[in-house]
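Open the model in your viewer and follow along. Each stop tells you what to select and what is there.

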Amino acid sequence: MMEFNESIAKELLNSLALVLKTAQIHHIDNMAVTNSIEKFLSILRGHFQSEEVKIEIIGDYFYINDNRIRYTSEYIFNYDFLMREMRRIKLGTLIFHGDISFDDMRNLTIGILSAGLSEDPFNTLMNAMKEIENVEVMELKKVKEDETRLEKKEIIKRTYSSTVLLSKDVFNKLKAGERANLKKAKRVIGTVVDQIIEDETMLIGMTTIKDYDEYTYYHSVNVSILSVALGHRIGLPKKALSRLGLAALFHDIGKIDIPLEVLNKPTDFTEEEWRIVKEHPQNGATLLLNLRTIDELTISLIIPAFEHHLNYDLTGYPSIRSRLELDLFSRIIAIADQYDAMTSARVYSRVPMSPEMALSTMMERSGKQLDPTLLKVFINMVGVYPIGSLVMLDTKELGLVFENNPNPEFIERPRVLIIIDSSGHQVKGRVVDLMERDENGSFKRTIVKTLDPNKYGINLAEYIL
Ligand SMILES: [Fe+2]
Ligand SMILES: [Fe+2]
């Protein structure tokens with residue numbers, strides 16, 4: 001079997017989405033549709049050759065030939081579209097056997113479109129499939145999650161991806177010396193704030209997404225979400241939360257001038273490189289100072305950019321003479337920043353710390369580097385078992401903490417993604433709720449202990465993404 005190539009698999013999914021998108025807008029024989037079908041077929045033929053290609057939806061993810069496809073910011077809207085369309089007609093699996101002709105693909109597209117308009121979508125599709133030789137379809141397996149939950153998840157996912165796109169845009173614009181669109185930034189962060197106020201758990205869950213290729217963008221978004229959530233927990237009003245979110249998004253903006261080879265360096269920095277890296281707080285502050293007229297908002301962005309590597313006890317960098325206390329936003333952002341940085345891989349070769357380890361490292365810094373009160377609130381927020389922790393259950397199953405229990409009384413009973421079953425076999429994403437009880441009324445599963453994922457050779461990102 002050919003080695004699996006993830007980037008080609010992503011392109012394949014994207015081009016399938018484009019086939020359906022164009023066919024929804026144009027006549028099936030319109031050039032735009034014909035071209036997108038050709039494009040899809042050329043990827044299929046060129047890279048998968050005569051191999052069978054299976055595209056499957058399991059839970060919230062696409063799998064191609066049993067490989068989970070990670071979400072990528074550039075394709076995320078097309079993936080969402082494809083996921084929605086396939087779910088709508090109950091299409092869970094598509095298998096392409098060997099050589100697919102243009103007509104097969106054209107007929108499949110027609111079948112999918114007419115299924116979308118039918119009362120009985122999957123059977124309509126099955127009927128259309130009689131004409132098509134080398135393609136097989138299977139019905140979507142029932143997912144346990146109910147519709148409203150899924151819908152909510154989609155919304156959260158979209159917020160997260162638009163925030164990543166925003167952060168990418170702002171960084172690149174400023175790097176090119178262009179003006180960044182602060183209005184848009186305000187709007188996007190406004191949505192983040194609204195969603196945190198409504199229900200923080202899902203958005204916090206999204207911050208387990210770390211991407212080493214685009215580390216700085218994702219990191220800025222994660223720090224922004226975690227900061228807003230922490231700010232909300234300590235009762236900051238909405239307007240302050242928006243400012244805090246923006247300040248956190250821009251906290252590392254001074255890094256735009258550091259060459260990527262330095263930022264993504266897998267080995268330790270040289271003295272000279274350290275000197276450059278340590279300049280990013282001043283550079284960030286200067287950049288923001290020149291960005292727009294000085295008003296209250298600008299000031300609330302500048303201070304954390306300057307102070308986020310200063311410690312609670314005023315050690316850290318840049319070195320300052322003042323004896324004043326650090327700004328509240330700076331203290332919040334410092335906590336979110338350290339947590340996200342420690343739990344991220346940052347560079348390909350580095351192994352990230354487990355959330356639990358990161359929190360205990362931060363505990364050691366309480367009162368010295370980090371504000372002790374804020375840290376307590378933060379630890380409470382990310383949970384006794386932070387999202388992403390590897391846990392062993394009393395059923396001998398191993399799982400990853402997927403979502404905190406919204407009821408604070410049962411904080412030790414989160415929802416867990418089972419990755420190894422009780423007989424030690426690896427299993428694919430099944431989420432269980434530790435609140436579930438058996439017929440006698442006792443809990444079906446309970447966490448026995450947490451484990452270090454690195455010891456078990458488990459790559460958290462692989463499961464959570
Ligand atoms: Fe920084
Ligand atoms: Fe940072």
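Select helix α1 (residues 6-25). At 1.5 Å a residue, its 20 residues should span 28 Å, and its end C-alpha atoms are 29 Å apart, which agrees. The expected span is 1.5 Å times one less than the number of residues. Helices here are DSSP runs (H or I, at least four residues), numbered from the N terminus.

Now go to the start of α1: a side-chain oxygen of Asn-5 comes within 3.0 Å of the backbone nitrogen of Ser-7.

A word on the source: this is a predicted model, where local features need pLDDT of at least 70, side-chain atom pairs count only at pLDDT 80 or more, and totals for chains, interfaces and linings use all residues. Residues are numbered from 1 along each chain as its sequence is written, chains are lettered from A and ligands numbered from 1 in the order written, and side-chain values use heavy atoms, without hydrogens and water.

**Stop two: the iron ion**

Select the iron ion (ligand 2). Which protein donors does it have? They are His-219 (NE2), His-251 (NE2), Asp-252 (OD) and Asp-337 (OD), 2.2 to 2.3 Å from the ion. Donors are N, O and S atoms within 2.8 Å of the metal (3.2 Å for Na, K and Ca); water is not among the atoms, so sites may look incomplete.

Next, show the iron ion (ligand 1): Asp-252 bridges the two ions, which lie 3.6 Å apart. His-251 sits in the loop between α10 (238-249) and α11 (260-263), whereas Asp-337 is in helix α15 (residues 328-343), 86 residues apart. Both His-251 and Asp-337 are buried (under 20% relative accessible area, with exposed over 50% and partly exposed in between; 1.4 Å probe, protein chains only).

**Stop three: Asn-222**

Select Asn-222 in helix α9 (residues 215-233). Asn-222 is buried, at 0% relative accessible area.

Technical notes:
Helices (H or I, at least four residues) and strands (E, at least two) are DSSP runs, numbered from the N terminus. A polar contact is a pair of N or O atoms within 3.5 Å; within protein, one must be able to donate a hydrogen and the other to accept it, and residues adjacent in sequence count only if both atoms are side-chain atoms.
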